[in-house]
Amino acid sequence: MLDTEQYGDQLFSHAHPAETARLEALAQALDPGTFHRLEQLPLREDARCLEVGSGLGTVGEWLVRRLPAGHVVAADRDPVHLRARGVPGLEVRRFDVTADEFPEESFDLIHARWLLSHLPARQEVLERMARRLAPGGWLVIEDPVRFPLETSPEQPYRKVSLAMCDAVERRIGTDSRWARTLPELLSAAGLTDVHGDTRTSRVGRTPMGRFWRLSAEQLSADLRQDFGVAPDELAAFSHQVTAADFTAPGLATVTAVGRRV
Ligand SMILES: C[S@@+](CC[C@H](N)C(=O)[O-])C[C@H]1O[C@@H](n2cnc3c(N)ncnc32)[C@H](O)[C@@H]1O
């Protein structure tokens with residue numbers, strides 16, 4: 001698996017002209033749920049936090065505001081967007097979670113959203129994250145799962161959406177089923193007080209609809225060549241997922257929370 005393409009090498013590269021808009025749409029779709037979940041945690045004002053695979057850094061920025069006496073590190077394999085936004089108080093690090101040593105320090109909170117399912121070494125990375133928690137520290141992992149797409153009666157929405165999941169798996173090894181059992185995986189990593197929930201963002205004229213359309217555009221050659229998606233089907237899908245008169249569940253996000261003893 002190591003010599004295959006990884007997230008960001010080509011597919012979803014931060015250098016792609018539409019990648020900022022795609023990450024913005026994703027953050028808009030998911031931030032309210034993430035902030036609500038993080039707000040429930042009993043974090044001290046001076047908590048040390050690590051946000052891994054932070055993309056635009058919206059979660060790190062929120063943590064800086066929420067914990068003014070804390071220390072927040074936002075780390076990404078390609079932190080170009082984080083640096084460009086220059087959030088005061090947010091420490092930015094270039095960090096490949098599959099290849100680099102984890103930061104030396106321990107953290108009271110480690111959060112990663114829509115990262116691990118993209119990494120073939122996801123289980124090992126999850127366990128390494130759990131080990132970097134300070135005693136009593138929290139791990140919050142959020143990842144997408146495909147089941148709402150599998151049951152959709154809408155076409156071409158279902159066909160193209162499932163082909164997208166398969167295409168991303170073939171290109172970079174993303175597993176869009178793995179997170180179904182995230183709470184159990186956190187327990188297996190030795191964490192306690194484990195709980196979780198699942199939320200679904202809808203497509204249509206919504207941030208998730210925009211995200212899904214922009215993702216399909218980056219995958220259009222794969223969809224056509226390897227998954228039998230015809231150009232007119234892709235055009236109909238692109239219209240459908242951003243149309244004001246269309247609504248359907250998109251990928252679900254499973255959130256799992258656990259604490260180090
Ligand atoms: C789908 S985006 C999610 C961004 C953000 N977490 C969010 O939910 O809005 C995945 C992010 O993980 C980063 N990433 C991918 N592989 C990584 C790795 N091996 N180490 C660190 N970051 C990585 C990407 O650069 C990208 O910013």
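**View 1. Overall fold of the protein chain.** The protein chain of this predicted model contains 10 helices and seven strands (DSSP runs numbered from the N terminus, H or I of at least four residues for helices and E of at least two for strands). Its radius of gyration is 18 Å, close to the 18 Å that the globule rule gives for 261 residues, so the chain is as compact as a globular protein of that length (C-alpha atoms; the rule is 2.2 Å times the number of residues to the power 0.38). The C-alpha trace spans about 55 × 40 × 35 Å along its principal axes.

**View 2. Burial in the protein chain.** Of the 261 residues, 52% count as buried (buried is under 20% relative accessible area, exposed over 50%, partly exposed in between; 1.4 Å probe, protein chains only).

View 3. In helix 10 (residues 231–240), the buried residues are L234, F237, S238 and Q240. These residues lie on the same side of helix 10 because they cover an arc of only 160 degrees around the axis (taken from the directions from the helix axis to the C-beta atoms). P231, D232 and H239 are exposed on the other side of helix 10.

**View 4. Packing of helix 10.** Helix 6 (157–172), helix 8 (207–218) and helix 9 (220–227) are what the buried residues of helix 10 pack against (contact means heavy atoms within 4.5 Å).

**Notes.** Residues are numbered from 1 along each chain as its sequence is written, and side-chain values use heavy atoms, without hydrogens and water. Local features need pLDDT of at least 70 and side-chain atom pairs count only at pLDDT 80 or more, whereas totals for chains, interfaces and linings use all residues.
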